[in-house]
Amino acid sequence: MKTLLLYSEDGCPWCTKMKGLLDENNIKFLVRDIERYEKEWERVSEEAKTEYIPTVCIVDHDEKTKTYLTPDVDFEEIEEGIEKIKILMT
């Protein structure tokens, strides 16, 4: 089983776009607002080596692993990020 966590912030246009595309592609996700989950975001941004949002964390509960996808590192356009998420969530 895998869980997709989306680290985002209200008012971020890229985050809004990613949420919309995740919904359109029927990809279930949990939103982690970086202000509300500040301590968690600090840990995630350190692990993922990024300060940019939207950052995605895919938790594979069976394998006990985490995979991060970050803007400007793993994807340039939100649509590219969505395609990578589709592959990783299968």
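Buried means a relative accessible area under 20%, exposed means over 50%, and partly exposed lies in between, with a 1.4 Å probe and protein chains only. The exercises below concern a predicted model, in which local features need pLDDT of at least 70, side-chain atom pairs count only at pLDDT 80 or more, and totals for chains, interfaces and linings use all residues. Residues are numbered from 1 along each chain as its sequence is written, and side-chain values use heavy atoms, with hydrogens and water left out.

**Exercise 1. The fold in outline**

Solution. Step 1: helices (H or I, at least four residues) and strands (E, at least two) are DSSP runs, numbered from the N terminus. Step 4: along its principal axes, the C-alpha trace spans about 30 × 30 × 20 Å.

**Exercise 2. Totals for the chain**

Find what share of the residues is buried, what share of the contacts joins residues at least 24 apart, and how far apart the mean positions of the charges are.

Solution. Step 1: of the 90 residues in the protein chain, 44% are buried. Step 2: contact means heavy atoms within 4.5 Å. Taking contacts between residues at least 6 apart in sequence, 57% join residues at least 24 apart. Step 3: Lys and Arg count as positive and Asp and Glu as negative, while His and the chain ends are not counted. Each charge is placed at NZ of Lys, CZ of Arg, CG of Asp or CD of Glu. The protein chain has 13 positive and 22 negative charges, and their mean positions are 6 Å apart.

**Exercise 3. Thr50 and Ser45**

Is Thr50 buried or exposed, and which residues is Thr50 in contact with beyond its neighbours within four places in sequence?

Solution. Step 1: Thr50 is in the loop between helix H2 (38-48) and strand E3 (55-60). Step 2: its relative accessible area is 6%, so Thr50 is buried. Step 3: apart from neighbours within four places in sequence, Thr50 is in contact with Trp41, Ser45, Thr55 and Thr70. Step 4: the side chain of Thr50 also reaches the backbone nitrogen of Tyr52 at 3.0 Å. Step 5: turn to Ser45, one of these partners of Thr50. Ser45 lies in helix H2 and is buried, with a relative accessible area of 15%. The side chain of Ser45 reaches the backbone oxygen of Glu42 at 3.1 Å.

**Exercise 4. Backbone angles**

Describe the peptide bond from Ile53 to Pro54 and the phi values of Asn26 and Lys64.

Solution. Step 1: most residues other than glycine have a negative phi, and most peptide bonds are trans. Step 2: the bond from Ile53 to Pro54 is cis, with omega near 5 degrees. Pro54 is placed in the loop between H2 and E3. Step 3: Asn26 has a positive phi, near 55 degrees, and is not a glycine. Asn26 sits in the loop between helix H1 (13-24) and strand E2 (30-33), and a relative accessible area of 70% makes Asn26 exposed. Step 4: Lys64, also not a glycine, has a positive phi of about 60 degrees. Lys64 lies in the loop between E3 and strand E4 (65-69) and counts as exposed at 72% relative accessibility.

**Exercise 5. Distances across the chain**

Solution. Step 1: Arg36 is in the loop between E2 and H2. Step 2: at 68% relative accessibility, Arg36 counts as exposed. Step 3: Arg36 and Ile87 are 51 residues apart along the chain, and their C-alpha atoms are separated by 29 Å.

Note on methods
Polar contact = N/O pair within 3.5 Å; in protein donor to acceptor, adjacent residues only side chain to side chain.
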